Each structure stands twice: as C-alpha cells, then as structure tokens.
Amino acid sequence: MERKDTSQEQAEDVADSNSQRWCEILDVTPGANTVELKAAYDRAIALIDGKSVGGYLMLDPIAAQAARDDVERAYQELKQTAPVAPKADEGDAKPTSPTVEHPDEMDAEKSVPEERYSSGVPRRVMRILAPVVGPKDPPSKEPAKKRPTIAIAKPAAVTEPPCAGEKERATTSAASPEASTDAPEALPVPAVKLLPSIPPERAVGEVNVITAPDEERFVIRDGDEINGGLIRRLRESRGVTIEDLAKTTKVQKSVLRAIEDQDFDALPARVYLRGFLTQIARVLKVDRKRLADGYLDFVERHGSRN
Amino acid sequence: MVNHTQPVPAKAGRIIAIGGGKGGAGKSIFTTNTAVALAQSGKRVVLVDADLGGANVHTILGVTPPLVTLSDFIGRRASLEDVAIQTPIPNLRFVSGALDDVQAANPNYQQKMRLLRHIASMECDVLMLDLGAGTGFNTVDFFLLADAGVLVVLPEPTSIENAYRFLKAAFLRRLRAIQRAFAIKDLIDVAMRNRNALGIHTPADILRIIDERDHELGAAVRQQMAGFSPQLVVNQAIVDGDTDDRQVAEDMASACRRFFGIHLRVLGTLPPDDAVKRAVRARHPFILAEPHAPVSVALTQMSQRLMLDASRTERAA
C-alpha cells in the first residue's frame, strides 16, 4: 500500500507493531534468540500441519497455508535481528519440520515488494483481499490524529452504520438467535483497508467527550442505586447525547436507550450487557466495574420476569 | 437449604457451563465431581443437567432420577426451586434434565433465556451446567450465556477436531448475538456469504473484516468478543516418558490465540485413572469414593482454580 508519506517516526512505530505481531505469531517474547526462534517456528509448523495433535483440523487447507505463510514470514523477519544463542545450546535446535529450510513460499516471497508489509498485516491478508480492494483505493491523505501509526481511510458514509437492520432492531431484543441470511445482495462489499489489529483498549479508550468542569459533574456516590436514570444523569451531566454515546461506543442508540429506560425486555443477555456497560462507563469516565456490577445487579433484582 | 449461614453470593461469575464437542470426553463426570468438590469446600452448589435429551448426571451422582425435572420448569408446571432437589451431599442441590418431553428437549431461545434468568437468581454460590455434546444451539447458547465456559476434550484428534468446531460455532453465535447492538448484521452477512473471496477462514478473519470497514467499530466489537474466553480441560491426559498430553492443552490454547483470535485458557489436565471407571460403575462420584486417587487430587485443585478464575474474570471484565 502507498504509505510512503508517513513520517519517519510513524514508520518506526509501524516497524515496532510489525515486530510485535511477528512475535505473537511465533508465540515468542521480543528479543528471543535464534535457537528459541527456531524452536518456536518448528512448534508452530507442527501445529499448523496437525503433526501436534493439539492443532488437528483446526484450520482448513487455505487457512493453514495462510498461517504457514505468516509463520514463515515471522520467522524470517525476526531472525534478522535476533541475538545469536550461546553455542552450547545450538544442539537443541533439531529440525522437526520438512518445510524448515527453504520452503517454496520463501521464494515467492522475494518478489513481493517490501512496503506491502508496512501496515503490519501479513501477506496472506493482502493476497486474499487483493481482488476486492483493487488498485484504485486511494491512500489516506489525512494524517491520522489519534493513532499516528494507523491511516484510517474510512468510506465517507461509514460513521453512520448501514441502516437495513434498523426496523427489526426496534422490535427485538439485541441478543438474537442465529440470524437469517435474507439481507439484500446489493450491499456494498466492505471497503477493505489494511490495518493492523490493535488492542481494543487503545482504540476505544480515547474519545472526545465534551465534559463539564469536574465539580459540576454528576458522580456515583456510595449507596446510589445504579439504574437507568442514574446512567442518564451521568451522561447528561457530562454533556453527552445519546448520539454521542452511540458514536463513541459504537453501540446502537436503541440499546443505549433500553439501558437508560430500564426496558428489560429489550436488554441484551447479561454477558453482553456487561460489555456494553463497560463501554459506556469508559466514555463517561466512571468506575467501569462499579457501573457494570451495579446495573447488572439492578436488572437482576427488578428485571426478572415470570 | 442446608447452609444459609454464608454471605449472599457474589452475583456474577457463578454460572459455569461445561460443554464442547464430542460425547464421551467426560463432561458429565467432570461436572458432577467438580460440583461435589465445590460443595465439600463449603460452596452452595446447584448442579443442573442441561444435557436435554441425554441426561445422566443423576446416575453419576448416584441419586434416583427425580420426579420433577427441567421439563416441568420449561413447561411452567414448577419453579426452578421446586425442581432443585437436595442431594445426600451437603450444600449440593441437583436439577435433573432427564426428559421424556421432546418439546422441552428443544427449548427456543426465549425459553433458554428464561431458564438462564431463573438459574441466575437461584440462592447459591455456584451453578454448574452440564451441557450435551455437539455444536447445536442448545449447547452453544447455554455455553455463551453462562458466566464461564469450560471445554472438556480428550487428547485425541476426533475430540480436538470437534472442540475447534465448537469454538468456531460459539464464536460466530456470540458475534451474531451482538450484531444488532453494533448494527453489523449486514456486514457479517455479506462477509459470510463472500467468505472465500474475502479470505475468511477463522474467527479472527471476521473481526478483521469489521476492522477494515471501520476501525473504531472493529475495536468495540473486538472488545465485546474478548469476553469470550473459554477454559480448557484435557481429560485422560497421559504424562509418561515421551508422551506429555499437557502439551496438547498448551498447544490448543496457543493455536487458538494465534490463528483463531480466541483467548482459550488452560484450566488443567486430568490423569487417566481407573478410579473413575470404578466409581461410575458403582454409581457414585469418584471424588467421594476415592478422594486420594490421582484424578481426585487433580480435580480438587482444578475446582479451586475455577473459583479463583471466576472472581478474577469478573473483576477484569
């Protein structure tokens, strides 16, 4: 992808996040030496090939090939900068995989331009997605503000979610049985951008919420019953509208309203509700556990139907 | 019932569902004995045989099949408290799933939600839900709606194959359950329909597609999905000479993390032990009959880890 206009600093960040990703794929700690890398590589290949019973039929053949590519790539990348292990240990590295030294994939690898990896997404993603993306996808010209390492090129319409599901959402509880597959075919295929996966804390945590000065803010006090009304007051005292909250948490307004209205029938199942409450607490900058536990407790006491 | 002197239980982290793939892996035996171990440690436990249509926890427990069962609750003929019978083991109550009612063996989603709601409000510290084999909606839904899920597998290809299938099914089902809240139903539908073109082969690939559409949305969904963190028990794990089936557990967890994007955690392994066979034949829990057998020792330790984890998970959520 054309990411040449990123600054030097951003490039280093990307390199770091790549390296982290490779470590995750090989399941090694950063700075692992060559012998450790080799052992991790052999374990990974054995898992993917199902030679270790623990990996048996986990991946279909295409996914297995993709995973193999990732592991090969991770091994090659990390090997370049890995410290050499002390001589005495070297006998430990026994080749257990037939694809160890010069697998075919590695030859194909050489023709791939280096910058294709700059997003931290392994080759397989790019290769598989290639027919969908097409070369016309413009690179993001806007420098990303909040997360400098990631260029977000959103389709213009994307902040508002697709609205086909809007009507049924109003009538049904959020926790649904297996969905029907009757959505219109004409839906846009997801506009594909290649982005490294980043930890959720980083992405969701930072939101711009217009907040009132601290002393005016409504807070949870000991003994407060944590119910929908309290969450509404917390939100309103921070100058956050339902729309703002939906935008920052990505949770639909109907669900947020159901929480505030204590519309028990419309609430999602407890295990999911906890996640939504946590997201709300994060945006409103209140104690997450307290809000989630308190509200779930409230639902349990008042919401149990028949 | 028996012991009301203990403080009111922490509300959450207490419904533990045991499921996963293949029959015969030892789910019911594991669940029953864990329930007994927890009851012995002073927890007030309700053991629910939710293997609707294939229930036999009563046999492992050594009690006569109760006259009132889950089907009476599902059919609204009895409350859950009514069908929870006291067992001879202090602190342990038991809800039988032994059903002769086809309708009740296939509850719809609302009925399952109702059952779960009522289970959640029962007066006890821990609820153990023994689920049936397979990846049907009954199993998967209970597994997902519980506070914690435990997969029991044997270190054999057939069992492991089914465990992965179960994990994939559960992951997708959980994603489907939150699709409305995040308005991603259409996105998932399109993605699943075009999964070959889009390269969707693992759960991680689906999250990637959402990420690519909208990164912040992807992060929010990812965060919600991170709550899916089942635990793994490898049963009849041999540790002898070159064979170390504990590695199978570690391998599965590692593979799930790396290639599936599912945070599977190892709860532990249980050794093969003839005490289990003897106890099943005699129709009593091995942990009572042979508390010092290797399998009993391992299971007792595991049940303590399970409780620790429940409180930890709850705090981290």
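1. Two strands count as paired if DSSP finds at least two bridges between them; strands (E, at least two residues) and helices (H or I, at least four) are DSSP runs, numbered from the N terminus. On that basis, chain B has an open sheet of eight strands, ordered β3-β4-β2-β5-β1-β6-β7-β10, with mixed pairing. Its edge strands, each pairing on one side only, are β3 (84-86) and β10 (265-269) of chain B.

2. Keep in mind that this is a predicted model, where local features need pLDDT of at least 70 and side-chain atom pairs count only at pLDDT 80 or more, while totals for chains, interfaces and linings use all residues. Residues are numbered from 1 along each chain as its sequence is written, chains are lettered from A and ligands numbered from 1 in the order written, and side-chain values use heavy atoms, leaving out hydrogens and water.

3. Inside the sheet, β1 (residues 15-19) and β5 (residues 126-130) of chain B run parallel and are joined by four bridges. B:I16 sits opposite B:M128 in β5(B).

4. Now for helix α14 (residues 274-282) of chain B: its buried residues (under 20% relative accessible area, 1.4 Å probe, protein chains only) are B:A275, B:V276 and B:A279. They span an arc of only 100° around the axis (directions from the axis to the C-beta atoms), so they lie on the same side of α14(B). The face turned away from that side carries B:D274, B:K277 and B:R281, which are exposed, meaning over 50%, with partly exposed in between.

5. What follows α14(B)? B:R283 does, with a positive phi near 55°.
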